[in-house]
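Biologist: I would like to learn how to read a model like this one. Could we go through it feature by feature?

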Amino acid sequence: MQRRVFLFGIGGAAALAASGYVFTRPAEAETQMTPPQVHQALLENKVILIDVRRPDEWAGTGIAQGAVPLDMREDTFVENVRATMTTNPDRPVALICARGVRSRRVAARLALAGITQVIDVPEGMLGSAAGQGWIARGLPLDHRFSES
């Protein structure tokens, strides 16, 4: 059976709560790391970095060197993350997107699916209020997915 998570307003939540549903807040990412920290952890084989952006975004900028590109919109995304983890089950998964918004949401999604060793990279590839981002910090890129 496939579970689906729906976001809805307070009225909808209240109606479901009244009918006996119990709500728990999805777990946030276990921790956060800056791009340089993630890069160092990659070099030391301590994390698996997953770029959750779209293929056109990978093509536009490349991906972080050492990252695994998995489009978060794919129906098989969670299964693909699990498959990626099977080769290194003891390593946490670090998630990166463009500016940290999607990676945070995906961390909560993975937690709901039982994947709890998750690290968020809130700066993303392009930078955010959290910091400069992977590209502006001059960290290495993999251009195999880039437009040439």
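Modeller: Let's begin with contact, which here means heavy atoms within 4.5 Å. This is a predicted model, where local features need pLDDT of at least 70 and side-chain atom pairs count only at pLDDT 80 or more, while totals for chains, interfaces and linings use all residues. Residues are numbered from 1 along each chain as its sequence is written, and side-chain values use heavy atoms, with hydrogens and water left out.

Biologist: Which residues is Arg-137 in contact with, leaving aside its neighbours within four places in sequence?

Modeller: They are Pro-35, Pro-36, Glu-123 and Gln-132. With Glu-123 there is also a polar contact, side chain to side chain, at 2.8 Å. That term stands for a pair of N or O atoms within 3.5 Å; within protein, one must be able to donate a hydrogen and the other to accept it, and residues adjacent in sequence count only if both atoms are side-chain atoms. As for location, Arg-137 sits in the loop between β6 and β7 (141-142). Its C-alpha atom is separated by 9.5 Å from that of Leu-126, 11 residues apart along the chain.

Biologist: Does Arg-137 count as buried, partly exposed or exposed, and at what relative accessibility?

Modeller: Buried means under 20% relative accessible area, exposed means over 50%, and partly exposed is in between (1.4 Å probe, protein chains only). Arg-137 has 34%, so Arg-137 counts as partly exposed.

Biologist: Now the whole chain, please. How many helices and strands are there in the protein chain?

Modeller: Both are DSSP runs numbered from the N terminus: helices are H or I with at least four residues, strands are E with at least two. The protein chain has 5 helices and 7 strands, in the pattern α-β-α-β-α-β-β-α-β-α-β-β along the sequence. It has 148 residues, of which 40% count as buried. Among its contacts with a separation of 6 or more, 65% come from residues 24 or more positions apart.

Biologist: How do I read the order of a sheet?

Modeller: Strands of a sheet pair through backbone hydrogen bonds, either parallel or antiparallel. Here two strands pair if DSSP finds at least two bridges between them. In this model, an open sheet of 5 strands has the order β1-β6-β5-β2-β4 with parallel pairing. At its edges are β1 (31-32) and β4, each of which pairs on one side only. Helix α5 packs on the sheet and touches β5 and β6 (118-120), with its direction at about 145 degrees to that of β5. Such angles run from 0 to 180 degrees between N-to-C directions, with axes as lines fitted to C-alpha atoms, for helices over the stretch in contact.

Biologist: What should I look for in β2 of this sheet?

Modeller: Look at its partners. β2 and β5 run parallel and are joined by 4 bridges; in that pairing, Ile-50 stands opposite Leu-95. β2 and β4 also run parallel, with 2 bridges. On the β4 side, Ile-50 has Val-68 as bridge partner, and Asp-51 has Pro-69.

Biologist: And which residues are on the faces of β2?

Modeller: In a regular strand the side chains alternate between the two faces of the sheet. Ile-48 and Ile-50 are on one side of β2, Leu-49 and Asp-51 on the other, and all are buried, so both faces are covered.

Biologist: Could you pick one of them?

Modeller: Take Thr-84, which counts as buried because its relative accessibility is 18%. Beyond four places in sequence, Thr-84 touches Ile-48, Val-68 and Leu-70.

Biologist: Where does Asp-71 lie?

Modeller: In the loop between β4 and α4. At 5% relative accessibility, Asp-71 is buried. Its side chain has a polar contact of 2.6 Å with that of Arg-73. Not counting residues up to four places away, Asp-71 touches Val-52, Arg-53, Arg-54, Pro-55, Trp-58 and Phe-77.
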